[in-house]
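Please walk through this structure with me.

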Amino acid sequence: MSDGRPPFSAILGALLFAARQPLSVEHIIKVVQQTSDDLGMDLTVTAKRVLTEIVQLNESLENCGVFVAEVGGGYRMQNQRDCGPWVRRLLEKGKTSRLSRPALETLAIVAYRQPCTRSEVEQVRGVAVDAIMRRLIELQLVCISGRSALPGRPQLFSTTRQFLEHFGMRSLNDLPAKRG
Amino acid sequence: MKSRDEYRISLEVFEGPLDLLLYLIRRDELDIYDIPVDRVADQYMEYINAMKVLDLDIAGDFLVMASTLLMIKSRLLLPDIEAEEGDGEELDPRLDLVRQLLEYKQFKDVALELELRELAQEDIYIRDSTDGVELGEETTSPIHELNLFDLLGAFNDALKKVPQEDLREIFAETYTVTEKIGVIQQRLKSGGVLNFKTLFSSMASRMEIVCTFMALLELIRLGELRAVQQGSFGDIELQDSRGLQ
């Protein structure tokens, strides 16, 4: 570049590299716009441009062990899955602990029925879910998203962005299909 | 002796009454659309009784389901007078229950799928993240390979083998859960693997079996022991899981 400013593809790569959570396309556009304004630089990008650049970025990252993945309504850089064991050793992580079956069932019900009350979940599972629900909220996989108009105005629960991230889903459309 | 409350186990962290029903249906390969209610109700009650013996904190929901089963059972025995008068269709009293079971089963299947995806995410790392959701230790389920009902069923079998106790004489029973934890740990140390049936086979008193079973649950909870089953409804083996980490 003649003015010494990086090309958009480089900026995009740097943003994705530094982000702590999945970046939405809107967020990327906003950051680019504001920074260009500050620097007096003439750079405007569209959503389409961002998406095309991400595809190109992934092409040039082939066999680099990392790539840009779409997760939880945004994009993030992550390692290739088959390289996981080496990364785990490096970070000295043991086996990650997993959610219990009852917790997974509760999550599944909330995910499909959201926003839903606790008693709706209990009706399906046939058992009280207070403790599990509290835990899921603590883990930020579920959040209180409002109150129902039903008598007593019970709390409504929904799944969170972290829920999508935890299971590597782009959006709720990625939920496993219900069968039977 | 330690107070019993100390070892009270909340079923909430395990499964509910619908799980138990599905478990019984699967075990005996029953048709979910045509459940032999009297047989299932009897078996269901056996499990409830085993829970009572253990002084498990039985969720009220288990008892609600028990009464629902008994109600359906009795309605199946009685002739449906309204239907016989030619007034309307005969409604199968099992209908609601079947519907509930099927709906629940759908979500159970989804949960299984989610479990696989969670597993697949284990090998994915992101830069300087707080490692996604920190699950901590509480939610690990060392009982994974085996569900609570498998253990309860085996416990029930062990109880049945005990000869009727002579009620005229009273001996002070000296078994404690703490002591049994020690015994199990000792036996695992020498053998490595312990067969569930063998563990209980030499025991002659209910109290001893109950204490041993409680000790087992406690060790599983602490992650010191793993219960593994050879195939569905097969023999249960207990392994020392400390060396596996």
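**A helix, then an interface**

Helix H9 of chain B covers residues 206–221. Its 16 residues reach 22 Å from first C-alpha to last, close to the 22 Å expected at 1.5 Å a residue. That expected span is 1.5 Å times one less than the number of residues. Helices here are DSSP runs (H or I, at least four residues) and strands likewise (E, at least two), numbered from the N terminus.

This is a predicted model: local features need pLDDT of at least 70, side-chain atom pairs count only at pLDDT 80 or more, and totals for chains, interfaces and linings use all residues. Residues are numbered from 1 along each chain as its sequence is written, chains are lettered from A and ligands numbered from 1 in the order written, and side-chain values use heavy atoms, without hydrogens and water.

At its start, a side-chain oxygen of B:Ser205 comes within 3.2 Å of the backbone nitrogen of B:Met207. After the helix comes B:Gly223, with a positive phi near 80 degrees.

Now the interface. Chain A puts 55 residues in contact (heavy atoms within 4.5 Å) with 44 residues of chain B. Five salt bridges link chain A and chain B (a side-chain nitrogen of Lys or Arg within 4 Å of a carboxyl oxygen of Asp or Glu). One salt bridge joins the side chains of A:Arg98 and B:Glu122, at 2.7 Å from N to O.

Which elements of chain A touch chain B with two or more residues? They include helix H1 (8–18), strand S2 (74–79) and helix H5 (101–113). H5(A) gives the most, with eight residues.

Note on methods: A polar contact is a pair of N or O atoms within 3.5 Å; within protein, one must be able to donate a hydrogen and the other to accept it, and residues adjacent in sequence count only if both atoms are side-chain atoms.
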